[in-house]
Amino acid sequence: MRQIKGIIGFQINISEIQATYKLSQTRPEDHPKIIEELQKTSNPGSHEIANRIKRKK
């Protein structure tokens, strides 16, 4: 309870969110499964990512 005096509340307005996907870059043994799952989607962007992973092999 003595430390409660040091707690300060604040509010942040979020104006932008940027996301990044690692896709198991350090685990090439996972790439076939990642490619398979990406190709199952109807999202053309996911298919392009799968193709790029294939080309890096």
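This is a short tour of a predicted model, moving from a surface patch to a helix and then to one residue of that helix.

**Stop 1: the surface patch.** Select Phe10, Ile12, Ile14 and Ile17. These residues make up a nonpolar patch on the surface, and their accessible area together is about 560 Å². Ile17 lies in the segment before helix H1 (31–40). Its relative accessible area is 74%, and because the cut-off for exposed is over 50%, Ile17 counts as exposed.

**Stop 2: helix H2.** Select residues 44–56, the 13 residues of helix H2. From the first C-alpha to the last, H2 reaches 19 Å, close to the 18 Å expected at 1.5 Å a residue.

Colour Ser46, Ala50 and Ile53, which are buried residues in H2. Then turn the view to look down the axis of H2: the buried residues fall within an arc of 60 degrees, so they line one face of the helix. An α-helix has 3.6 residues a turn, so residues three or four places apart point the same way.

H1 is included in what covers the buried residues of H2. For contrast, select Pro44, Arg52 and Arg55, which are exposed on the other side of H2.

**Stop 3: Ser46.** Zoom in on Ser46, in helix H2. Is Ser46 buried or exposed? Its relative accessibility is 14%, and because buried means under 20%, Ser46 counts as buried.

Technical notes. Residues numbered from 1 in each chain as written. Predicted model: local features only at pLDDT ≥ 70, side-chain atom pairs only at ≥ 80, totals over all residues. Heavy atoms only, no water. Patch = residues over 30% accessible without salt bridge, like charges linked within 9 Å, V, L, I, M, F, W, Y side chains within 5 Å. Areas by Shrake-Rupley, 256 points an atom, 1.4 Å probe, with all protein chains shown as cover. Salt bridge = Lys/Arg side-chain N within 4 Å of Asp/Glu carboxyl O. Helix = DSSP H or I, 4+ residues; strand = E, 2+ residues; numbered from the N terminus. Buried < 20%, exposed > 50% of the residue type's maximum accessible area, 1.4 Å probe, protein only. Expected span 1.5 Å × (residues − 1). Arc of directions from axis to C-beta. Contact = heavy atoms within 4.5 Å.
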